[in-house]
Amino acid sequence: MHAAEIAWAQRMSDPTASWAFVQSNAESSLAVVIRAYLRWREGRHMEVIEDIGAVEPWLRTECFWGWLARAINLKGAVLLDMGQSLQALTLFQEQLMLAQQAGDAEMIALAHNDIGVQLVWDDPERARLRFQMAFDVARDAGPEHQATMGLAAFNLSVVEKELGQMDLSARLLEVAEDHVSAARAWPYWAGVVSQRALRLAEAGEIDLARRHFEAALARTLPVESRRFLTFHLAKLEAQYGAPSAALTGLAELQSWSTTRVDMLDDVLQVQAAAQARLGDYHSAYHTLLNMVQAIQIRHDEELSVQLKVVEAVHRTEETRRNAEALLHRQGAG
């Protein structure tokens, strides 16, 4: 249990170490939850659902509420990625209840955060409240929760920008970067760095935005975080800078983007924009055709994932009913 908690805590700062734990504890249900997280970060949604489906009944039967909250969070995150907001919301609400039962501050805060994510564009005031709750829970729980504080601060920055509070948004983005950098929460950090650079580019500070990315890429980072930064630098060049540099950056990511069904249409859209800015409209047209095909492939995968989730929900409900029936028979006996 202690080793599993360490591997979970390292999942963002040192995913290689977390993978090593998973591979050396293949029969452990807790290791499967960690593997599901690592696969989610790699965009392997179907495998995440299969992992969670395999261990969720056991976690419920054994009353591992904290680890069950983590598993439910991952399933909700996949559904959110799939655009299934209502199903994801139901899961995040269950996660909150389980995390409160387990006294797991990280999962309580993340439940508030992920519920807030679904509210940002439709109800930013309520989203702000959820993000603030997430930040406060993580802050009050201690310095080991800086990653979650940083994530909540980042999302507060996004919602304040949406509400027109630009100075406050900029300050919150700095707070977010301080926290996620201190926590070495590299997936969050890559998102914060990309957002700061994009805002600089939008303000016409292209060279400063580039330097922001270059400084980030000079650090020792996990592979996925480095690729994420490389993609967003290419996106910046395609929109505001040198489109030829954008195409060079995307070429470096070719083998990665073809394995990331969830990212491929975004990559192709950036590629088409860069080609169009270079005046190569013929190539841009064919890239857009490929993008349409990629969107269809992604939608087909999303449908398969959604069906997997439905099957898993039915199995979980059956497990719950069987457990209740067993308790009832034992009580009657």
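Helices are taken as DSSP runs of H or I with at least four residues, numbered from the N terminus. Just after one such run, helix α6, G103 takes a positive phi of about 70 degrees. The model in which this is seen is a predicted one.

Helix α6 itself covers residues 85-102, which makes 18 residues. From its first C-alpha to its last, α6 reaches 25 Å, close to the 26 Å expected at 1.5 Å a residue. Several of its side chains are shielded: A88, L91, F92, Q95, L96, L98 and A99 are buried in α6. An α-helix has 3.6 residues a turn, so residues three or four places apart point the same way. The cover over the buried residues of α6 includes helices α5 (65-81), α7 (105-117) and α8 (124-141).

Aromatic rings were examined next. The structure holds five aromatic pairs. W8 and Y37 are both buried. In the pair of W58 and F64, the ring centres are 5.0 Å apart and the planes stand at 45 degrees, so this pair is tilted. W58 has 36% relative accessibility and therefore counts as partly exposed. F64, at 22% relative accessibility, also counts as partly exposed, because the buried class is limited to residues under 20%.

Elsewhere, R219 lies over the face of W189, at 4.8 Å from the ring centre.

A further residue considered was L268, which is located in helix α16 (residues 261-277). The relative accessible area of L268 is 11%, so L268 is buried. When neighbours within four places in sequence are left aside, L268 is in contact with T287, N290, M291 and A294. Between the C-alpha atoms of L268 and S157 there is a separation of 28 Å, and these two residues are 111 residues apart along the chain.

Definitions and conventions
Residues numbered from 1 in each chain as written. Predicted model: local features only at pLDDT ≥ 70, side-chain atom pairs only at ≥ 80, totals over all residues. Heavy atoms only, no water. Phe/Tyr/Trp six-rings, centres within 6.5 Å; stacked < 30°, edge-to-face > 60°. Buried < 20%, exposed > 50% of the residue type's maximum accessible area, 1.4 Å probe, protein only. Lys NZ or Arg CZ within 6 Å of the ring centre and 35° of its normal. Helix = DSSP H or I, 4+ residues; strand = E, 2+ residues; numbered from the N terminus. Expected span 1.5 Å × (residues − 1). Contact = heavy atoms within 4.5 Å.
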